[in-house]
Amino acid sequence: GRYGYPIEREFCNNNFCSQKFEKGSISQAHTTYMNLPFVNQIANGAPMGCEGASLLQALYYFGKYNGNLRQLLNSQPYSPDPWNPTLGFAGTPFRSRQNSYGGFFPHKFTPWANNFGVKAVNISHQGIEQIKKEIRRGNPVVYWGTYGFVPVRAWRSYHWGISATNEHVITIDGYQNGMFHITDPAYARGPKFWISEALLRQNYQ
């Protein structure tokens, strides 16, 4: 996964961000478990490509993309300042850089996602209940949180802001009986696993 902690509150609810996807104007059947295809970012040589891998899982689910992860990542918007993720993807998803932030945030991610025949909407600021509603509507949610949903390990300062050293992006694709289902491209707890609503709320805050 990639690491970082967005501080621009205009597109992040408190500290973390989320992004829902809809299949255009086609209504989705009610479901609580979509069982998205798993995309392994590590096996695909993209240790910092969790945003794109999480998107690709949703695109494969909707049948909206035929390419591979590397092709998708090559199409994402890159920051003109390779050290500033607020302007686009900072650095490269294909290798990690010591003491730097590799990744980008929903305000740049959203327009890119909408290039692939889905309706991506930034639902940051709207809380866990909104995520739950989107899952029940059949809309996967890409979520900016921490790797493995553990607490923030450490903070790091950059010229654009501060970050945590263990941020990660995953796809939420199910909800049932107080549990959220996660499809994780970096395999933090396995490719697919359930977490409690309480744990997601704690991570979201």
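The model is predicted.

**Helix packing**

Two packed helices are described by the angle between their axes and the distance between the axes. The table gives these values for two pairs.

| Helix pair | Axes come within | Crossing angle |
|---|---|---|
| H1 (residues 50–62) and H3 (residues 106–113) | 12 Å | roughly 40 degrees |
| H4 (residues 127–136) and H5 (residues 197–204) | 10 Å | roughly 125 degrees |

The pair of H1 and H3 may be taken to begin with. An angle of 65 to 115 degrees would count as roughly perpendicular and one under 35 degrees as roughly parallel. The axes of H1 and H3 cross at roughly 40 degrees, and these helices are therefore oblique to each other. The crossing of H1 with H3 is right-handed. On the side of H1, the contact involves Glu51, Gly52 and Leu55, which meet Phe109, Trp112 and Ala113 of H3. Sorted by class, the residues of this contact comprise four nonpolar, one polar and one charged.

The second pair consists of H4 and H5. Angles over 145 degrees count as roughly antiparallel. With a crossing angle of roughly 125 degrees, H4 and H5 are therefore oblique to each other. Their crossing is right-handed. H4 contributes Gly127, Ile128, Glu129, Ile131 and Lys132 to the contact, while H5 contributes Glu197, Leu200, Arg201 and Tyr204. Four nonpolar, one polar and four charged residues make up this contact of H4 with H5.

**Salt bridges**

How many salt bridges does the structure hold? There are five. One of them joins glutamate 197 to lysine 132, with 3.0 Å between the closest N and O atoms. This pair connects distant parts of the chain, since glutamate 197 lies in helix H5 and lysine 132 in helix H4, 65 residues apart.

**A strand pair**

Strand S4 (residues 155–158) pairs with strand S5 (residues 161–164). Are these two strands parallel or antiparallel? The pairing is antiparallel and extends over four bridges. Within it, tryptophan 155 of S4 stands opposite alanine 164 in S5.

Key: Residues numbered from 1 in each chain as written. Predicted model: local features only at pLDDT ≥ 70, side-chain atom pairs only at ≥ 80, totals over all residues. Heavy atoms only, no water. Axes fitted to C-alpha atoms, helices over the stretch in contact; angles between N-to-C directions. Left-handed = near helix turned anticlockwise from the far one by under 90°. Contact = heavy atoms within 4.5 Å. Nonpolar A, V, L, I, M, F, W, Y, C, P; charged D, E, K, R; others polar. Pairing = 2+ DSSP bridges. Salt bridge = Lys/Arg side-chain N within 4 Å of Asp/Glu carboxyl O.
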